[in-house]
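The points below may be read beside the model.

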Amino acid sequence: MDDRMENIKVLVVDDEQTITQFLMLGLQNEGYIVENAADGMQAIAKADHFEPHIVILDVMMPGMDGFEVCRMLKKKGRKLSIIMLTARDQVDDRIKGLNGGADDYLVKPFSFEELLARMQARLRNQFPELGDSLVAGPLRIDDRRKEVYLKEELLQLSPTEYELLKYLAMNQGIVLSKALILDKVWGYAFGGEENIVEVYIRSLREKLHDKDRQLIRTIRGAGYRLDVR
């Protein structure tokens, strides 16, 4: 785990004890400071004194559901990131959660590795003060100097290659579509084709010595994923 994440506080909110114990043990092993709450009112009370950086929030709970908890946490103006969990893969639920202030959404069952990747992406986006360096497996990205190191090798990247690799690293483990990459790296004003993404991915792989495509993986029909495991 990135050393800068060791002081990150996570609040796990779920009424299922087995899930709570699993998440707490896994997150503590990753170096996070973790507390838990079994219902909505307890979650809001704990958030007041624990001041978590990130909340893993189950939707379906007795009494106050996760949507209402999310709304109340965000209403207080706290700087925190919320990932909602649900057993229902319904588009309306996802939209309701995101409109209520949630930053991300995972459907049960989910892999712990995906949760970690999404947490780290949200934290780096919302808490840039964690530091100027981003570590992703053998890569170290120094955003202040705009430099990228592959182990000890300083890579010679163009500004666009740098921004593309940084975006992949900030979302390591998450599949990113060409359209999303185009918007985030090139911007909405860019009028070019999505094929430009393929060209730059190919160039990055060459400079990363990634001939086997094990670092930047192509997910057929979906996009690309930086895989540092």
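1. A residue is called buried under 20% relative accessible area, exposed over 50% and partly exposed in between, using a 1.4 Å probe and protein chains only. By this criterion, Trp186 counts as buried because its relative accessibility is 19%.

2. The model is predicted: local features need pLDDT of at least 70, side-chain atom pairs count only at pLDDT 80 or more, and totals for chains, interfaces and linings use all residues. Residues are numbered from 1 along each chain as its sequence is written, and side-chain values use heavy atoms, with hydrogens and water left out.

3. The protein chain has 229 residues, of which 46% count as buried. Its secondary structure comprises 8 helices and 11 strands (DSSP runs numbered from the N terminus, with at least four residues of H or I for helices and at least two of E for strands). Of the contacts (heavy atoms within 4.5 Å) with a separation of 6 or more, 58% join residues 24 or more positions apart.

4. Four strands form an open sheet in the order S6-S7-S8-S9, with antiparallel pairing; two strands pair if DSSP finds at least two bridges between them. Strand S6 (133-136) and strand S9 (153-154) are the edge strands, each pairing on one side only. Between S6 and strand S7 (residues 139-142) there are 4 bridges in the antiparallel sense, and Leu134 has Ile141 in S7 as its bridge partner. Helix H6 (residues 159-170) packs on this sheet, touching S6, S7 and strand S8 (147-150).

5. The largest nonpolar core has 30 residues, and those touching the most other members are Leu139, Leu168, Ile181, Ile216 and Leu226. Such a core is a set of buried Ala, Val, Leu, Ile, Met, Phe, Trp, Tyr and Cys residues joined through side-chain atoms within 4.5 Å. H6 gives the most to this core, with 7 residues. The residues that Leu139 touches include Leu134, Val148, Leu165 and Leu226.

6. There are 2 aromatic pairs in the structure (ring centres of Phe, Tyr or Trp, the last by its six-membered ring, within 6.5 Å; planes under 30 degrees apart are stacked, over 60 edge-to-face and the rest tilted). Phe22 and Phe112 form an edge-to-face pair, 5.8 Å centre to centre with 70° between the planes. Phe22 lies in helix H1 (residues 17-29) and Phe112 in helix H5, 90 residues apart. Phe22 is partly exposed at 47% relative accessibility, whereas Phe112 is buried at 13%.

Methods: Axes fitted to C-alpha atoms, helices over the stretch in contact; angles between N-to-C directions. Lists of a residue's contacts leave out its neighbours within four places in sequence.
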